Amino acid sequence: MYVQVNININKIIYLLTERLEMGISSRKGESFMTLTATMVVDKSFKIGEIDKRIYGSFIEHLGRAVYEGIYEPGHPDEDEQGFRKDVIRLVQELQVPLVRYPGGNFVSGYNWEDGVGPVSERPKRLDLAWRTTETNEIGTNEFVDWAKKVGAEVNMAVNLGSRGVDAARNLVEYCNHPSGSYWSDLRISHGYKDPHNIKTWCLGNEMDGPWQIGQKTAEEYGRVAAEAGKVMKLVDPSIELVACGSSNSKMATFADWEATVLDHTYDYVDYISLHTYYGNRDDDLANYLAQSMDMDEFIRSVIAIADYVKAKKRSKKTIHLSFDEWNVWFHSNEADRQITPWSVAPPLLEDIYTFEDALLVGSMLITLLKHADRVKIACLAQLVNVIAPIMTEKGGPAWKQAIFYPYMHASVYGRGVALQAQISSPKYDSKDFTDVPYLDAAVVHLEEAEEVTIFAVNKHQTESLNLQCDMRSFEGYHVLEHIVLEHENMKATNQGREQVTPHHNGDSAIDQGRLTANLAKLSWNVIRLGKK
Ligand code: AHR
């Protein structure tokens, strides 16, 4: 009984606080309640330079990502290599700077040698990760060609599941050594005279997962990753390496895994990876939109672990974070159980995203920006057809999912320096989270263009948020545009008909360095300010 009374009092205090933060506003003669949030932004309060690679993505040999996704010979819009030009254009629109390849779980059973040389001689193999058949029509060289076409660099993963040090060092030699050695000369004989110069490499994938081909303990993985990394850097000292962190923060070995792996690999690697996927399985919107807080906590924990190992080793080197798989993933779980095993490029992981997913993706992007000082690489998993912002129809058009928009806005306008905004927002509690701010926001300053962009999500389900932002250090700036993604139906998708698309009629104005913006209930906002 005592506990019950306490909870109720807390709830009452919470509700009163929320009401106090609401004021009465009047516009166009009507009177309505307004929820207010404040923000102070100063150009000298910097989190850090944003590494453009945080807008990376991922193409795995999985489902229809490669075949029927980026590559479809015979498609009316194919190029001379059979790549879909409509898909290339959409990837260019997203300005994706880096693409992880070829997996994912796939890489842990992949023989990279199967994917080079004359296509007619390449073997068909069983892909045990996804129980499909891999034809190997696309391999390393073709993928590098495609990445050049879209303007992205490749983040190459090596197989530390079924293979190890030797295959990894040979692939680095094949890709990056200029000439005069067995593997570099083989590349040249395959028609690629110039080295690919691939800069970032992943040392395996999710090696802690029981589903992974060649799963390892942290000790086993730490040792092989250290040796593979050491030898890969002997072949090409200019490369950067990503060690596998936990598959997600709910793994039983999370934290110990990172500490042990970094203990072994600290001197050889540059990044530790993080992966996370969320889903609205219980159809609980408030709780679903709060998941970005889990992502934030995950990032903070991994930074703490990496810095603990740094301190333990008395090292001067800082390990950065590569959040190389993140997204919403749950819509397709049931359909995937119906796929016939060993088919070629079946429709696996084809989540059709809703408007509410786009809001969470927006909040996840904001979370990455808030950690721009430590998260240097991040990959939206994935890019085409497989849990992706871009979908294709065989022989038909390519189309943009709802999540395409926040990802594109962040990638296009989120370049420069991330600023440390002082945010004060009313909050709510949900099933798994307490003190969830209704306002999620990140601020980016692109000094050379004299532009500032505010990315903001209002998570309130019924009220618009009145944002009052002190931006007096940005003298002479005015609002260039206020882009809004909003929809009455949280479950609206773009399948069949483009319903979830942004408009440019956001309501914001700046007067003497004080910005006032109206953030519609459940909306993603991009407020762009500049001097021109
Ligand atoms: O992105 C889909 C899969 O999710 C990847 O193959 C794997 O690394 C993760 O479990």
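Leaving out residues up to four places away in sequence, W201 touches N155, M156, V158, L171, V172, C175, N176, M232, I239, E240, L241 and V242. These contacts, like everything described here, come from a predicted model. W201 also stands out in the largest nonpolar core, which has 157 residues: together with W146 and Y221, W201 touches the most other members. The element that gives the most to this core is α11, with 10 residues. The core draws at least three residues from each of domain 1 and domain 2. As a general background, nonpolar side chains tend to be buried together in soluble globular proteins.

The domain assignment divides the protein into domain 1 (21-47 + 419-531) and domain 2 (51-413). The C-alpha centres of the two domains lie 32 Å apart. Across the boundary, 41 residues of domain 1 are in contact with 36 residues of domain 2.

Just after α2 comes Q95, in the loop between α2 and β5. Although Q95 is not a glycine, its phi is positive, at about 50 degrees. Q95 counts as partly exposed because its relative accessible area is 39%, between the limits of 20% and 50%.

A second residue of this kind is L349, which is not a glycine either and has a positive phi of about 50 degrees. L349 is found in the loop between α10 and α11. Is L349 buried or exposed? With a relative accessibility of 2%, L349 counts as buried, since the cut-off for buried is under 20%.

Strand β5 (residues 98-101) contains Y101. Y101 is buried, because its relative accessibility is 1%. Apart from neighbours within four places in sequence, Y101 is in contact with I59, H61, I138, G139, T140, F143, V154, N155, M156 and A157. Two of these, N155 and M156, are also touched by W201. For a sense of scale, Y101 and T318 are 217 residues apart in sequence and 25 Å apart in space, C-alpha to C-alpha.

Most residues other than glycine have a negative phi, and most peptide bonds are trans. The bond that joins Y101 and P102, however, is cis, with omega at about 0 degrees. P102 is found in the loop between β5 and β6 (125-127). Another cis peptide bond runs from A381 to Q382, with omega near 0 degrees.

W342 is found in the loop between α10 (333-336) and α11 (355-370). W342 is partly exposed, because its relative accessible area is 32%.

Definitions and conventions:
Residues are numbered from 1 along each chain as its sequence is written. This is a predicted model: local features need pLDDT of at least 70, side-chain atom pairs count only at pLDDT 80 or more; totals for chains, interfaces and linings use all residues. Side-chain values use heavy atoms; hydrogens and water are left out. Helices (H or I, at least four residues) and strands (E, at least two) are DSSP runs, numbered from the N terminus. Buried means under 20% relative accessible area, exposed over 50%, partly exposed in between (1.4 Å probe, protein chains only). A nonpolar core is a set of buried Ala, Val, Leu, Ile, Met, Phe, Trp, Tyr and Cys residues joined through side-chain atoms within 4.5 Å. Domain bounds come from an automatic or database domain assignment. Contact means heavy atoms within 4.5 Å.
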